[in-house]
Amino acid sequence: MKIFKENSYDIVRLYVNQLGIMIFSMLLYTAVGSFENQALSTALSIFVSIFSVGFYLVLVYYAMWEIGAKDKIRIDGNRMEPCERKGVVMGLFANVPNFVLGLLTVIFTALVLIFGKNGILVSLVGIFNLITRFHASMYLGIISEIVPHSLPIGEVDYVEFLIEAILFTVLPLASVGVTHLGYYLGSKEKKIFSFLTNKK
């Protein structure tokens, strides 16, 4: 909790980056979804998803590199103790909404599969599935390609829903890995994206 208290502003900033990419990707999905050619629309949706996720990870990496570089100055000046796990912890905190929404969707979907199509459970699955898809929309094209819907529109395969929910829960771990990498390299003043840091 100490890391959260001392870095709450930066954690919120990481989360705001996701919200920005979420809106960005939804706008692009809407645009490509209007194409009459279904094959082209699907291909572009996958491209939008990959591009959005990549862009988001670059933003996260850059933000954490800067934080790591600033911490290095404090550590070298004996004004701060080194904390190698800081990047991971910040990444986990920034992704708490993703994990909570994803896990709730997994739980309610699994309950439908176990106990049958109870009205309340089905409603909860529908609500949380929709919120999760919107909240983590940059992953939507990738997940739709991994788990293509086999049933006609209007029908629901809860096994597919469960797999999708698991993917929505797991994929944000990539950004946790990137926050760790960005912070670690920043604290060592090592760079991958030198053109972003503008440092020699």
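Predicted model: local features only at pLDDT ≥ 70, side-chain atom pairs only at ≥ 80, totals over all residues.
## Overall build

The protein chain is helical. It holds nine helices and zero strands. Read along the sequence, the pattern is α-α-α-α-α-α-α-α-α. Along the principal axes, the C-alpha atoms fill a box of roughly 60 × 40 × 20 Å.

The protein chain has 200 residues, and 40% of them count as buried. Among contacts with a separation of 6 or more, 77% join residues 24 or more positions apart. The chain exposes about 11,300 Å². Carbon and sulfur atoms supply 69% of that area.

## Helix H3 and its cover

Helix H3 spans residues 86-94. Several of its residues are buried: Lys 86, Gly 87, Val 89, Met 90, Gly 91 and Ala 94. What covers them? The cover includes helix H1 (2-33), H2, H4 and helix H8 (173-187).

## Where H3 meets H4

Helix H4 covers residues 96-115. H3 and H4 pack at an angle of about 50°, and their axes are 4 Å apart. The two helices are therefore oblique to each other.

## A salt-bridge network at Asp 71

Side chains of opposite charge can pair when their charged atoms come close. The structure holds five salt bridges. Asp 71, Arg 74 and Lys 86 are linked in a network of them.

Take Asp 71 and Arg 74 to begin with. Their closest N and O atoms are 2.8 Å apart. Both residues lie in helix H2, three residues apart, which is about one turn of the helix. Is Asp 71 buried or exposed? Asp 71 has a relative accessible area of 2%, so it is buried. Arg 74 is partly exposed, at 34%.

Asp 71 also pairs with Lys 86. The side chains of these two residues meet in a salt bridge at 2.5 Å, N to O. This pair links distant parts of the chain: Lys 86 sits in helix H3 and Asp 71 in helix H2, 15 residues apart. Lys 86 has a relative accessible area of 5%, so Lys 86 is buried.

Another salt bridge joins Glu 164 and Arg 133. Their closest N and O atoms are 2.4 Å apart. Glu 164 lies in helix H7 (residues 158-170), and Arg 133 lies in helix H5 (residues 119-135). The pair therefore ties together parts that are 31 residues apart in sequence. Are these two residues buried or exposed? Both Glu 164 and Arg 133 are buried.

Phe 24, Phe 47, Phe 51 and Phe 55 make a nonpolar surface patch of about 390 Å². Which helix gives the largest share? Helix H2, which covers residues 38-76, supplies three residues of the patch.

Phe 47 is one of the patch residues, and its place is in helix H2. Phe 47 has a relative accessible area of 54%, so it counts as exposed. The cut-off for exposed is over 50%.

Ile 46 is found in helix H2. Leaving out residues up to four places away in sequence, Ile 46 touches Gly 141 and Glu 145. Leu 28 is 18 residues from Ile 46 along the chain, and their C-alpha atoms are separated by 11 Å.

Phe 47 is also in helix H2. Ile 142 is 95 residues from Phe 47 along the chain. The C-alpha atoms of Phe 47 and Ile 142 are separated by 8.5 Å.

Terms used. Residues numbered from 1 in each chain as written. Heavy atoms only, no water. Patch = residues over 30% accessible without salt bridge, like charges linked within 9 Å, V, L, I, M, F, W, Y side chains within 5 Å. Areas by Shrake-Rupley, 256 points an atom, 1.4 Å probe, with all protein chains shown as cover. Salt bridge = Lys/Arg side-chain N within 4 Å of Asp/Glu carboxyl O. Buried < 20%, exposed > 50% of the residue type's maximum accessible area, 1.4 Å probe, protein only. Axes fitted to C-alpha atoms, helices over the stretch in contact; angles between N-to-C directions. Parallel < 35°, antiparallel > 145°, perpendicular 65-115°, else oblique. Contact = heavy atoms within 4.5 Å.
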